[in-house]
Amino acid sequence: MKVLALVNTDLVSEEDVKMLPDIQIAGSQIKCGIIDVPKPNFNTYKKENEHFVLVKVDAFSCNYRDKAIILKAALKMQGKLNFQAPPFAYFGSDFVGTIVAKGSSVDHLEIGQRVIPNCAYPDAPFPGVAAGVVTNEASKGWLRIHKSKLIGIPDQMDDAIAASFSIGGQTSTSMVRRVNIQEGERVLVLSGRSNTSMFIINNLIHQGIDTTVLTTSDWSNDEAALIYPAKLVKVGRKKQNWESDKELGKFDVVFDPFFDLHLEKAINQLNTRGRYITCGYKNQHPNFFEDIDKDTPNHLKNIMLKVMINNISIIGNCIGTWEDLEAAIENYNPNHFIVPIDGRYSVEEGNQFVTRTYNHRGRLGKAVLLY
């Protein structure tokens, strides 16, 4: 199977690999190429495979967490101890695949069935099995995975949507559930073009919740129409406070995918007894820090005074439960799902796929690589 990999060119000759044009991430040059990964041996009758399945990846996509994974792997390959790095490294945490073999005690999954990751967290899905993200190596093409870490999907969910669904669907459903929105409350979603925010918006508008979406980017009329009737408000990235925007007003709930960009300003935008919920942060690697980030400081004393005086709740959220993912899949309707696919790429376009994923601020929805 031809797959996309990061290549350690000090250990592998570029003549022996189909190299692709280099990728730039956070000022670093990333070398990638196409390699052939054979189908691994999977003995159905071995005890070690009793609860496992072998999955052939049909398509995958990258989340923001994968950006740091790619960069760390690439920098290790380029460092003084690069001989300690592997010849190839893989990446990707969202995928859709087909089960090609299964162990003797796998009874809820069938050979030929399409599946996506179950990233349930914080509770372990099975004794001895770690909770959380299923893999960081979806690009490898073949994955041996415990049965509890996969869930079947309906036929109407195509491969591109399925390959970018698990983490966004599971996280957004968990976040909306946990803030317990009441009738008549106003909700603000930050970083409106991020994939997590689009999943949250999809959930909110189909529940009829009064939703405002904040963005620092320009949206086309067609893009803005996707999230109607949510209200779209553009603000400047350097703006120290949003309170002066009379168009915004105050909110009962704020959803934020990047707490290190917005926390203080978001807290100032909340009503008494408001809830702020976040699921991630931007600067997950020192190389991701930009000069403009200096314009968005978060002063802990100011934040906590506001939280205390106004009885505000700050909620951290990491992915969600098995039930959250089941609910997200059950609620999926291809006619009403507003999270678009930005682009579909072949393995020969792997460098374009990664570049589009991380180097285009105007992207709306996921870039997906189809095997």
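View 1. Asp-342 sits in strand E18 (residues 341–345) and Arg-356 in helix H9 (residues 350–359), 14 residues apart (helices, H or I, of at least four residues and strands, E, of at least two are DSSP runs, numbered from the N terminus).

The model is predicted: local features need pLDDT of at least 70, side-chain atom pairs count only at pLDDT 80 or more, and totals for chains, interfaces and linings use all residues. Residues are numbered from 1 along each chain as its sequence is written, and side-chain values use heavy atoms, leaving out hydrogens and water.

**View 2. Lys-366 with Asp-94.** Their side chains meet in a salt bridge at 3.5 Å, N to O. Lys-366 belongs to strand E19 (residues 366–370) and Asp-94 to strand E8 (residues 94–102), so the pair ties together parts 272 residues apart in sequence. Both Lys-366 and Asp-94 are buried.

**View 3. Arg-65 with Asp-66.** A salt bridge joins these side chains at 3.9 Å, N to O. Asp-66 is buried, because its relative accessibility is 0%. Arg-65, at 28%, counts as partly exposed. The whole structure holds 14 salt bridges.

Conventions. Salt bridge = Lys/Arg side-chain N within 4 Å of Asp/Glu carboxyl O. Buried < 20%, exposed > 50% of the residue type's maximum accessible area, 1.4 Å probe, protein only.
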